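Please keep the sequence and the structure in view while reading.

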Amino acid sequence: MITLSELQIKDVIVVEDGKRLGNITDLEIDVDRGKITFLVIGLKGKMMGLFGKEEEVVVPWESIVTIGSDVILVKKQKQLTLYTEKKD
């Protein structure tokens, strides 16, 4: 078993080109099915944006290739999707 805090310290790396995306800042969970749907990744190298909020992108859970001791390897995304919190 692995905790969110353990996941957050691992670098997220694109397996095809070795590019470092950043680190996990959050998870999106489908509570009805009890499954993680997306990893929310804080982009590396982004300076704090408007009001100190850095840009975040989502990576589908299905895109994870493996979770190693130091890194999380993910498949390359055709286009990164910016994360926007859903307000109900």
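In this predicted model, the side chains of Lys76 and Asp17 meet in a salt bridge, with 3.8 Å from N to O. The pair links distant parts of the chain, since Lys76 lies in the loop between strand S6 (71-74) and S7, whereas Asp17 lies in the loop between S1 and S2, 59 residues apart. Lys76 is exposed, with a relative accessible area of 54%, while Asp17 is partly exposed at 43%.

**Salt bridges**
- The structure holds three salt bridges, and one of them joins Asp11 to Arg20, whose closest N and O atoms are 3.0 Å apart.
- Asp11 has a relative accessible area of 25% and is partly exposed, as is Arg20 with 26%.
- Asp30 and Arg33 also form a salt bridge through their side chains, at 3.1 Å from N to O; Asp30 is partly exposed at 21%, whereas Arg33 is exposed at 55%.

**The sheet**
- Seven strands form an open sheet with mixed pairing, in the order S5-S6-S1-S2-S3-S4-S7, and the edge strands, S5 (64-67) and S7 (81-82), each pair on one side only.
- Strand S1 (residues 11-14) pairs with strand S2 (residues 20-30) in the antiparallel sense over three bridges, and Val12 has Gly22 in S2 as its bridge partner.

**Ser63**
- Ser63 sits in the loop between strand S4 (56-60) and S5, and it counts as buried because its relative accessibility is 10%, which is under 20%.
- The side chain of Ser63 makes a polar contact of 2.9 Å with the side chain of Gln77.
- Leaving aside residues up to four places away in sequence, Ser63 touches Leu73, Val74, Lys75 and Gln77.

Notes:
Residues are numbered from 1 along each chain as its sequence is written. This is a predicted model: local features need pLDDT of at least 70, side-chain atom pairs count only at pLDDT 80 or more; totals for chains, interfaces and linings use all residues. Side-chain values use heavy atoms; hydrogens and water are left out. Two strands pair if DSSP finds at least two bridges between them. Helices (H or I, at least four residues) and strands (E, at least two) are DSSP runs, numbered from the N terminus. Buried means under 20% relative accessible area, exposed over 50%, partly exposed in between (1.4 Å probe, protein chains only). A polar contact is a pair of N or O atoms within 3.5 Å; within protein, one must be able to donate a hydrogen and the other to accept it, and residues adjacent in sequence count only if both atoms are side-chain atoms. Contact means heavy atoms within 4.5 Å. A salt bridge is a side-chain nitrogen of Lys or Arg within 4 Å of a carboxyl oxygen of Asp or Glu.
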